[in-house]
Amino acid sequence: MFYESSTWKKHRSLGTSSPLSMPPKKPQQWLQVVGHAGSFHVGEYGMLLKRFCEGEQQCFQKLMDDTLKPFVPTYHGVVQRDEHDYNMMDNLLTHFNTPAIMDCKMGSRTYLEEELLIAQERPQPRKDMYEKMVAVDPEAPTAQERAQQAVLKTRYMQWRETLSSTTTMGFRIEGVRKANGVCQTNFKRTKSREQVMEALQDFVDSNTQIVRGYLRRLKQLRQVLETSDFFRTHEVVGSSLLFVHDGSGKTGVWMIDFGKTVALPPHLSVDHRTPWVEGNREDGYLWGLDNLIDILTSLLPLT
């Protein structure tokens, strides 16, 4: 989706320590490929407004003091628009000219253990989830599910992850918007390495300069993730990497979407590579990043 510039009011910093720096005012854009319509609005001065989520606010406040700060949008607190609160952050597209963007959902699962636990405690067969399952794969329901015309939420959540490369590679492509305006969100069944390679090759238009730019950034990110206090102490689920490039060959990658990122109990630590089993809180983020780097590297010519 494309949003034009708009104004906001009643800025509230809520814990942000640095004053808001205002770059020159200019027309802005935000190209939303996936997610709920209306979640984003473009502000002035290179800002993006995202519908307020307290968990995401808490993550951003911690990230502004973490070594990961250069790899996430700079956070500027909470603002109100049309009686709704929004988290305000840098618009990552500001310095790109007619950019191509890709959203990659990272990790080996996209639901929190807490969500799974709640669904297990309240095992209610869901007709809406059965219909979603059948729409994707008519053969997926069991005989019992077909007789009930319903599936349990836990079953649906875990089945959905097996469709894409989430469970096999630790990431999946959510959506792509090419520079020519063409949007693609039909990646729900993009699962094999070959399918992922083909989608990535198409996204970069087989441009090795862009691939190298992305690889440099991803390797820097991996190095920082492995030493980040924030990353070590959080279960990072449902978060994405936003890839952006334009015709000049300029590239950027940032971590976005922290609405489901939660702090771990003090006694627990994760390495983000160990396979997930219920209770260990592992999210597979670094395993997915390793695989993403490996696949992008395979797009380069052998030297």
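Visitor: Is His84 buried, partly exposed or exposed?
Guide: This is a predicted model. In it, His84 counts as partly exposed, because its relative accessibility is 37%, which falls between the 20% limit for buried and the 50% limit for exposed.

Visitor: Where does His84 lie?
Guide: His84 lies in strand E5, which covers residues 84-90.

Visitor: And what is His84 in contact with, leaving aside its neighbours within four places in sequence?
Guide: With those neighbours left aside, His84 is in contact with Arg51 and Val79. The C-alpha atoms of His84 and Phe52 are separated by 7.9 Å, and these two residues are 32 apart along the chain.

Visitor: What about Asp82, where is that found?
Guide: Asp82 is found in the loop between strand E4 (75-81) and E5. Asp82 is exposed, with a relative accessible area of 56%.

Visitor: What is the phi of Asp82?
Guide: Asp82 has a positive phi of about 50 degrees, although it is not a glycine. Most residues other than glycine have a negative phi. Asp257 also has a positive phi, of about 65 degrees, and is not a glycine.

Visitor: Let us turn to Asp257, then. Is Asp257 buried or exposed?
Guide: Asp257 is buried: its relative accessible area is 18%, and buried means under 20%. Asp257 lies in the loop between strand E11 (251-256) and strand E12 (262-263).

Visitor: Which side chain makes a polar contact with that of Asp257?
Guide: The side chain of Lys50 does, in a polar contact of 2.8 Å. Leaving aside neighbours within four places in sequence, the residues in contact with Asp257 are Lys50, Glu56, Asp103, Lys105, Gly238, Ser239 and Ser240.

Visitor: Now the helices. Which residues of H3 are buried?
Guide: In H3, the buried residues are Met129, Tyr130 and Met133. Seen down the axis of H3, they fall within an arc of 105 degrees, so they line one face of the helix.

Visitor: Why would residues three or four places apart point the same way?
Guide: An α-helix has 3.6 residues a turn, so residues at that spacing point the same way.

Visitor: What do the buried residues of H3 pack against, and which exposed residues does the face turned away carry?
Guide: The buried residues of H3 pack against helix H4 (143-148) and H5. The face of H3 turned away from its buried side carries the exposed residues Glu131 and Ala135.

Visitor: You mentioned H5. Which of its residues are buried?
Guide: Helix H5 spans residues 153-163, and its buried residues include Thr154, Tyr156, Met157, Trp159, Glu161 and Leu163. Their cover includes helix H2 (113-121), helix H3 (127-136), helix H6 (166-169) and strand E7 (171-177).

Visitor: Finally, the whole chain. How many helices and strands does the protein chain have?
Guide: The protein chain has 10 helices and 12 strands. Of its 303 residues, 50% count as buried.

Terms used
Residues are numbered from 1 along each chain as its sequence is written. This is a predicted model: local features need pLDDT of at least 70, side-chain atom pairs count only at pLDDT 80 or more; totals for chains, interfaces and linings use all residues. Side-chain values use heavy atoms; hydrogens and water are left out. Helices (H or I, at least four residues) and strands (E, at least two) are DSSP runs, numbered from the N terminus. Buried means under 20% relative accessible area, exposed over 50%, partly exposed in between (1.4 Å probe, protein chains only). Contact means heavy atoms within 4.5 Å. A polar contact is a pair of N or O atoms within 3.5 Å; within protein, one must be able to donate a hydrogen and the other to accept it, and residues adjacent in sequence count only if both atoms are side-chain atoms. The arc is that of the directions from the helix axis to the C-beta atoms.
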